[in-house]
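Here are a few exercises to work through with the model open beside you. Try each task before reading its solution.

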Amino acid sequence: MRPALGTITLREPRTLRDALRMLRDEGPLTPLAGCTDVFVQINFGTLRATEFLDLSRLAPLRRICEEDGRLVIGALATYTDLIRSRLVRRRLPMLVAAAREVGGPQIQHRGTIGGNVVNGSPAGDALPVLSAADATLVLASAAAERRVPFTAFYTGYRASVLRPDELLVAIEVAPVEGRQWFRKVGTRAAQAISKVVMAAVRDGTPRIALGSVAPTVVRLPRTEAALAGGAAIAAAQGVLAEEIRPIDDLRSTAAYRLRVATNLLARFWADTAA
Ligand SMILES: Cc1cc2nc3c(=O)[nH]c(=O)nc-3n(C[C@H](O)[C@H](O)[C@H](O)COP(=O)(O)OP(=O)(O)OC[C@H]3O[C@@H](n4cnc5c(N)ncnc54)[C@H](O)[C@@H]3O)c2cc1C
């Protein structure tokens, strides 16, 4: 059941410092970024929280810049910000490709990359990109800041190492060598959640990540090693089929997902051949 509007309280910090202090002293609070996931959860009654922390005034968290050679994307950057950013287009084109396929324009204007990461749906379109890019997440609390490799962030289905007193403030990506590739397969191009989504980088050792085939986004180390070792694509597809265990759910079947995942691997390899 939805909480009555009168029971909802909203804190509106103007600085990151205030936001982190509120999380520490006045919590538990649920952060709000673009609200595109949170509103759905409130409407479906799956989120019972009544105390919220509005991050929308924290403009510095929306910045996209380069620091010490790394691409730094603020957690509040929207998909539209990513699409419009020359820096992201140059450094991480597979993230732009993913952003273009998230929802429709309204969702792209409001939805943030930080919300996608923390929401943690295994179908989140930005997640395979961050995994294949070996991104690092910057998490901050009132006491300290820490950096967590993206591949170590999730601990299970929509569960992560993020603590209730922490915010995701930024995502850092070291230069990505090699060709980048992204493909989303859903019922239609826009406004559809992925049935399978893959992001990959073709370098000496390829980096391949899949969404919607497990409780969390996954990297495919055995498939990556097989391709790096010179395996034929058919053999690598066999390794991939052993490496994932997709499930049947309301969006698709395990058999379809497995078939699509192996087809995407072959498409990635063909599209990125020299
Ligand atoms: C119609 C529709 C279509 C959609 N299509 C897609 C799609 O194609 N692909 C896709 O991947 N997603 C899709 N989504 C889901 C959603 O838009 C994205 O996951 C979006 O990135 C969420 O960002 P947000 O800013 O709206 O997050 P919010 O809803 O504000 O927050 C999501 C979660 O993250 C937490 N949070 C947000 N920011 C932070 C932070 N900085 N630190 C700590 N916690 C934080 C919130 O507390 C909440 O738990 C769709 C949603 C809708 C309603």
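Predicted model: local features only at pLDDT ≥ 70, side-chain atom pairs only at ≥ 80, totals over all residues.

**Exercise 1.** In what order do the 3 strands of the open sheet with parallel pairing stand?

*Solution.* Residues are numbered from 1 along each chain as its sequence is written, and side-chain values use heavy atoms, without hydrogens or water.

Now the sheet: the order is S1-S3-S2. Its edge strands are S1 and S2 (30-32), each pairing on one side only; strands pair if DSSP finds at least two bridges between them. Strands here are DSSP E runs of at least two residues, and helices are H or I runs of at least four, numbered from the N terminus. Between S2 and S3 there are 3 bridges, and Thr 30 has Phe 52 in S3 as its bridge partner.

**Exercise 2.** Which residues of helix H1 (residues 16-26) are buried?

*Solution.* Apply the cut-off first: buried means under 20% relative accessible area (1.4 Å probe, protein chains only). Ala 19, Leu 20, Met 22 and Leu 23 are buried. Because they cover an arc of only 155° around the axis, they lie on the same side of H1; the arc is taken from the directions from the helix axis to the C-beta atoms. Next, look for their partners: these buried residues pack against S1 (9-11), S3 (51-54), S6 (136-140) and S10 (167-173), with contact meaning heavy atoms within 4.5 Å.

Notes. Buried < 20%, exposed > 50% of the residue type's maximum accessible area, 1.4 Å probe, protein only.
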